[in-house]
Amino acid sequence: MQSKNRTTISLEPKIMETIKQIAINKGTTQTKIINDYLKQCIEKEPAKNKVKINVITEGDPNIDISDFIGSIKTEKPFNAVELQSQVRRGE
């Protein structure tokens with residue numbers, strides 16, 4: 001099972017009412033409706049606004065990058081914050 005992140009967001013009352021009604025009509029949760037809608041919007045977002053990391057692995061090509069998060073040892077030091085900024089800028 002994929003891990004979940006919890007967050008607090010402020011939604012307009014009418015939006016929340018609509019989400020609640022959609023969830024009731026579909027027999028699902030409000031969380032699922034919000035997640036599905038956000039995924040749809042993210043898919044429509046231009047590639048330049050999204051960070052994409054391709055992982056080449058043996059086996060499952062759909063492996064989640066979060067499975068690789070952790071500590072690594074390198075021969076020389078590097079600035080992780082700067083490297084992340086470069087990736088986000090597409091450099």
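Let me begin with how to read the model. This is a predicted model, in which local features need pLDDT of at least 70 and side-chain atom pairs count only at pLDDT 80 or more, while totals for chains, interfaces and linings use all residues. Residues are numbered from 1 along each chain as its sequence is written, and side-chain values use heavy atoms, with hydrogens and water left out.

Now the overall picture. The chain has three helices and zero strands, where helices are DSSP runs of H or I with at least four residues, strands are runs of E with at least two, and both are numbered from the N terminus. Along the sequence this gives the pattern α-α-α. Of the 91 residues of the chain, 4% count as buried; buried here means under 20% relative accessible area, exposed means over 50%, and partly exposed lies in between, with a 1.4 Å probe and protein chains only. The chain exposes about 9,100 Å², of which carbon and sulfur atoms supply 53%, and these areas come from the Shrake-Rupley method with a 1.4 Å probe, where for residues only the protein chains shown count as cover.

Let us turn to helix H1. H1 has 14 residues and reaches 20 Å from its first C-alpha to its last, close to the 20 Å expected at 1.5 Å a residue, the expected span being 1.5 Å times one less than the number of residues. Which residues of H1 are buried? They are Ile-19, Ile-22 and Ala-23, and they cover an arc of only 100° around the axis, which puts them on the same side of H1; the arc is that of the directions from the helix axis to the C-beta atoms. What covers these buried residues includes helix H2, residues 30-44, with contact taken as heavy atoms within 4.5 Å. The face of H1 turned away from the buried side carries the exposed residues Pro-13, Lys-14, Glu-17, Ile-24 and Asn-25. Just after H1, Gly-27 takes a positive phi of about 65°.

Ile-15 also lies in H1, which spans residues 13-26, and is partly exposed at a relative accessible area of 39%. Together with Ile-9 and Leu-11, Ile-15 forms a nonpolar patch on the surface, with about 250 Å² of accessible area in total. Patches are made of residues with over 30% relative accessible area and no salt bridge, like charges being joined within 9 Å and nonpolar side chains (Val, Leu, Ile, Met, Phe, Trp, Tyr) within 5 Å.

Finally, the charged pairs. The structure holds three salt bridges, each a side-chain nitrogen of Lys or Arg within 4 Å of a carboxyl oxygen of Asp or Glu. In one of them Asp-36 pairs with Lys-32, with the closest N and O atoms 2.9 Å apart; because these residues are four apart in helix H2, about one helical turn separates them. Asp-36 is partly exposed at 25% relative accessible area, and Lys-32 is partly exposed at 42%.

Arg-89 forms a salt bridge with Glu-82, the closest N and O atoms being 3.1 Å apart, and another with Glu-91 at 2.9 Å, N to O. Glu-82 counts as partly exposed at 34% relative accessibility, whereas Glu-91 counts as exposed at 63%. Through shared partners, these salt bridges join Glu-82, Arg-89 and Glu-91 into one network.
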